[in-house]
Amino acid sequence: MNSLLDPILIAELAALGLGTGFLAGLLGIGGGMLMVPFITIIMGHRGVASDLAVKMAIATSMATIIFTSVSSVRAHHKRGAVRWDIVRRLAPGIVIGSLLGSLGVFSLLKGTVLAIVFALFVGFSATQMFLDRKPKPTRQMPGTVGQLSAGGAIGFISGLVGAGGGFVSVPFMTWCNISIHNAVATSAALGFPIAVANVLGYVVSGQSVQGLPDGAFGYIWLPALAVIAVCSVLTAPLGAKAAHNLPVKKLKRVFASILYLLAAYMLWKGLQG
């Protein structure tokens with residue numbers, strides 16, 4: 001238990017939380033793409049097996065979204081930007097897809113396979129960010145079955161990579177003629193059911209796993225969750241303020257370049273296994 005109070009560990013997690021919170025506010029992205037590789041590295045240095053470290057990093061990253069999405073949604077809701085009608089229609093599919101992913105597929109796949117899936121997802125997301133490509137609005141939101149299916153896909157993919165779904169849900173909504181402003185705000189609201197459903201699955205499916213480190217609750221690593229959640233909530237508003245004064249388009253390209261490096265690291269971890 002003393003290892004959980006290690007000042008170096010707390011400092012590493014605090015730096016990660018402060019950095020991801022600021023970038024989330026500045027660039028409007030979730031912290032999962034940053035958190036997963038760095039939590040994997042931190043856990044690996046503390047003797048956690050590579051396969052398990054990847055899984056716990058993905059699960060812990062998702063758990064932090066429960067906290068960060070609440071503060072983000074409040075800010076968007078005050079501006080009247082959240083399309084709650086869309087949230088209500090996508091949420092059931094999101095919960096089903098998330099539980100299928102986190103309770104079933106996530107626990108069956110090896111951490112090395114998940115590392116490769118994560119690397120490919122981040123590489124794709126970085127390319128979208130680098131090119132600043134936005135889908136052309138070509139249609140309206142689909143009917144009930146279509147939105148149930150779309151929600152299922154968003155929840156399922158998010159659960160496998162430990163992200164809040166913004167890189168899937170925002171393009172989907174803008175493609176369906178929802179304004180980018182509303183799509184980003186609505187995506188923030190969708191992050192909450194995505195996170196809650198997936199975290200439930202990670203906790204249940206991780207109960208029987210052998211070799212979990214101190215402070216584990218299923219696949220969730222509680223020390224990282226606590227420190228990162230507190231620190232990221234502190235710096236997210238600072239990032240949002242800075243977004244009005246800094247060249248965000250140029251910063252997105254710099255950040256995309258960093259994501260390529262992190263994707264390459266996770267791909268190497270996956271192929272190594």
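T186 touches A81, V82, R83, I86, V87 and M173, leaving out residues up to four places away in sequence; contact here means heavy atoms within 4.5 Å. T186 sits in helix α8, residues 180-205, where helices (H or I, at least four residues) are DSSP runs numbered from the N terminus. With a relative accessible area of 0%, T186 is buried; buried means under 20% relative accessible area, exposed over 50%, and partly exposed in between, with a 1.4 Å probe and protein chains only. The side chain of T186 also reaches the backbone oxygen of N182 at 2.7 Å.

The model is predicted, so local features need pLDDT of at least 70 and side-chain atom pairs count only at pLDDT 80 or more, while totals for chains, interfaces and linings use all residues. Residues are numbered from 1 along each chain as its sequence is written, and side-chain values use heavy atoms, with hydrogens and water left out.

Helix α8 also holds S205, which counts as buried because its relative accessibility is 13%. Its side chain makes two polar contacts, a term for a pair of N or O atoms within 3.5 Å; within protein, one must be able to donate a hydrogen and the other to accept it, and residues adjacent in sequence count only if both atoms are side-chain atoms. The side chain of S205 reaches the backbone oxygen of G201 at 2.8 Å and the backbone oxygen of S102 at 3.2 Å. Neighbours within four places in sequence aside, S205 is in contact with S102, L103, S107 and Y219.

F156 is partly exposed because its relative accessible area is 28%. Beyond its neighbours within four places in sequence, F156 meets G97, S98, L100, G101 and V105. The 18 residues of α6 reach 26 Å from the first C-alpha to the last, close to the 26 Å expected at 1.5 Å a residue; the expected span is 1.5 Å times one less than the number of residues. Among the buried residues of α6 are Q147, A150, I154 and L160. The buried residues of α6 pack against α2, α3, α4 (84-108), α5, α7 (166-175) and α8. After α6 comes G162, with a positive phi near 75°.

Helix α2 is mostly covered, with ten of its 14 residues buried. Its end C-alpha atoms are 20 Å apart, which agrees with the 20 Å that 14 residues should span at 1.5 Å a residue. G47, whose phi is positive, near 85°, follows α2.

How do α2 and α5 pack, and at what angle? Their angle is about 145° and their axes lie 11 Å apart; axes are lines fitted to C-alpha atoms, for helices over the stretch in contact, and angles run from 0 to 180 degrees between N-to-C directions. The contact brings together G32, M33, V36 and P37 of α2 with F118, V122 and S125 of α5. By class, five of these residues are nonpolar, two are polar and none is charged. Ala, Val, Leu, Ile, Met, Phe, Trp, Tyr, Cys and Pro count as nonpolar, Asp, Glu, Lys and Arg as charged, and the others, Gly among them, as polar.

Finally, the buried residues of α10 include F255, L259, L262 and M266. The buried residues of α10 pack against α1 (7-27), α2 (32-45), α3 (50-78) and α5 (111-131).

Conventions. Helix = DSSP H or I, 4+ residues; strand = E, 2+ residues; numbered from the N terminus.
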